[in-house]
Amino acid sequence: MRRFSKITVFTNLCLAGLLLVVGIVCFYPLGISTVSQQSEHVYYEGDRKSRYVSPMFHVYAGESYVSQILDVLDDYGVTATFFIGGCWADDYAGVLREIVLRGHELGNCGYFCLDPGKLSYERNQEEIRLCGELIQMLTGESMSLFSSPYGHDSDEVIKAAESLGYNVIQWSKDTTARQDQDMALIFERATDGVCGGDLVLMHPTAETVKALPSILQNYLENGLEPVRVSVNIAGVAQG
C-alpha cells in the first residue's frame, strides 16, 4: 500500500508538471509574434513629429485622370507617390513615364491588382515581382514600396514583399474615391483631422481631380508639407 501511495504521488507530480508546462506554452508562445514582425515592415503612418503629409495614389485604372492629377500637382509644386498596377503600366507606358519625368515616386501595387489576402505566399511574391520587373524595364526605376490594392497585410503579403526588398505601405486616411464619387466627401476624408505623418490614399477618378486642388490648398494653409511616402516614413523609428 505504501509503495502504491508513493507511485500515485509521483504520478500526480508528473501530471502537475506537465500541465504547468502546457499552460506556460499556451499563455507565452515561443518565437516572435506576428505583430512585432509586421511593425517593422508595415507603415500605417509616417513621421508624426513632422509636418509631412503624403498624397498617395493607387493606379490600375483612370489613365486620363492620372495626367490631370499630374497637372494639379505641378500647379502646387507637389510631388506624390503613385502605386502602379503592372497590367496598367503595360497598357499605358507613356503615362507611366510621364509620372517619373515629372519627379514623382513609383510604388508597386502588384501586377494584376488581385486581392493579396486570397493569395498564397508564392502567388503574392509573383504578383509583386512581375510588377517590379516590368516597371523597371519600362522606366529604369527600381521600387522599394508596396501597397496592397485591398489593404491586406497578412503574413503571406508581408513576407512576400519583404523577400523582394519592399516595405508594405498602408494608409491613415482613405478617400475611398472608387466607391464614393463625391468631390465633397473625398475632400472631407482627405482633410478632416489631418496632421503630420498622414498617408492619404486616393484613386485617379474625375471627382478626385476636382477635389485635389482644394485638398492641397488645405494642407498648405494648415502648415503641412505634401511629400513622397518615402520621405514621410524615413523618420519613423524601426524595431
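Student: Which residues are exposed on the other side of α6?
Tutor: Glu-122 and Met-137 are exposed there, exposed being over 50% relative accessible area and buried under 20%, with partly exposed in between (1.4 Å probe, protein chains only). Keep in mind this is a predicted model, where local features need pLDDT of at least 70, side-chain atom pairs count only at pLDDT 80 or more, and totals for chains, interfaces and linings use all residues. Residues are numbered from 1 along each chain as its sequence is written, and side-chain values use heavy atoms, leaving out hydrogens and water.

Student: And which residues of α6 are buried?
Tutor: Asn-124, Glu-127, Ile-128, Cys-131, Gly-132, Leu-134, Ile-135 and Leu-138. They cover an arc of only 165° around the axis, so they sit on the same side of α6; the arc is taken from the directions from the helix axis to the C-beta atoms.

Student: What do they pack against?
Tutor: Their partners include β3 (81-84), α5 (93-101) and α7 (155-163), with contact meaning heavy atoms within 4.5 Å.

Student: What comes after α6?
Tutor: Gly-140, with a positive phi near 80°.

Student: New topic: which element gives the most to the lining of the largest cavity?
Tutor: α6, with three residues. The lining includes Asn-124, Glu-127 and Ile-128, along with Cys-109 and Phe-146.

Student: How much space lies in that cavity?
Tutor: About 50 Å³. On a 1 Å grid over the protein atoms alone, a cavity is a set of points where a 1.4 Å probe fits but cannot get out, and lining residues have an atom within 4 Å of a point.

Technical notes
Helices (H or I, at least four residues) and strands (E, at least two) are DSSP runs, numbered from the N terminus. On a 1 Å grid over the protein atoms alone, a cavity is a set of points where a 1.4 Å probe fits but cannot get out, and a pocket is an open set with protein on both sides within 12 Å along at least five of seven lines; lining residues have an atom within 4 Å of a point. Grid points are joined across faces, edges and corners, and a volume is the space filled by probe spheres set on the points.
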